[in-house]
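Please look over the sequence and the model below.

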Amino acid sequence: MSRKRRTPPRPTVVLDFGGVLSAGHDPVPDLHALLGGDAETLRRAVWEGRPAYDEGRIGRDEYWRGVASAAGLEDLSEEEIAELQEVDDRYFLRLDPLSRALLHDMARSGLRLALLSNASAAFGESVRRADWFEAMSFAIISAEERVAKPEPAIYRILLDVLAHESGGVAVPGSVLFFDDRQDNVDAARALGIDAHLWPRNGEAHPDGVRHGSEIAREVLAGRGIVLD
Ligand SMILES: [Mg+2]
């Protein structure tokens, strides 16, 4: 009879980026300040092209040329395309202060942290250069994988990377995941991941809806994870 006790798998916290770590979720005003034109037309172009950009079906130049075209600007130079990407990155990379504090506390407590984001490859590069990224073990970026949440395939990639990292099998139930979209949470739960809705940062919440970081702290405490 084996007396060896199974050690519980090390808990991992996986975070969405937009609306969870970022302070806001609407880069359109910043882009509009740069591009001008009709703000609503621009808004439509920014969001209509985004899924294809985030799934890596179109590249950076094609995406930004489409957005600029909606603002009446054609023939963008390489510098102008880079500037649009930069404005978008800068907008999203502003972290919510409470999210940043949570990230800091989780990193200090030795939790394994990872990012699972629907984002372009260009944003993936920027996010890995952010000062706080050293707290993360890795990032799964949809455009790099050519598949986005809520497709089950991207969660399987996440679980595979976690299994590979720990030299074994990833136990989905020991992976905590926070996302501001219910469909992303539901898809993760369907695979057994311990997923929770994070009320989107930067939006007015109805009375009684708490900040996502507060919810996350409570969920962690409920799993016996005490943050320093
Ligand atoms: Mg999000």
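Which residues of the largest nonpolar core touch the most other members? They are Val14, Leu15 and Phe177, in a core of 48 residues. A nonpolar core here is a set of buried Ala, Val, Leu, Ile, Met, Phe, Trp, Tyr and Cys residues joined through C-beta atoms within 7 Å. At least three of its residues come from each of domain 1 (12–24 + 94–222) and domain 2 (28–92), with bounds from an automatic or database domain assignment.

This is a predicted model, in which local features need pLDDT of at least 70, side-chain atom pairs count only at pLDDT 80 or more, and totals for chains, interfaces and linings use all residues. Residues are numbered from 1 along each chain as its sequence is written.

Beyond its neighbours within four places in sequence, Val14 contacts Ala114, Leu116, Leu158, Val175, Leu176 and Phe177; a contact means C-beta atoms, placed from the backbone, within 7 Å.

Of the chain's 228 residues, 31% are buried, that is, with 20 or more other C-beta atoms within 10 Å of their own. The C-alpha trace spans about 75 × 40 × 30 Å along its principal axes.

Helix H4 (residues 60–70) and helix H5 (residues 78–92) have axes that come within 10 Å and cross at roughly 85°; helices are DSSP runs (H or I, at least four residues) numbered from the N terminus, and axes are lines fitted to C-alpha atoms over the stretch in contact, with angles from 0 to 180 degrees between N-to-C directions. H4 is therefore roughly perpendicular to H5, a label for angles of 65 to 115 degrees. Arg60, Asp61, Trp64 and Val67 of H4 meet Ile81, Leu84 and Gln85 of H5.

Definitions and conventions: Buried ≥ 20, exposed ≤ 12 C-beta atoms within 10 Å, placed from the backbone. Contact = placed C-beta atoms within 7 Å. Helix = DSSP H or I, 4+ residues; strand = E, 2+ residues; numbered from the N terminus. Parallel < 35°, antiparallel > 145°, perpendicular 65-115°, else oblique.
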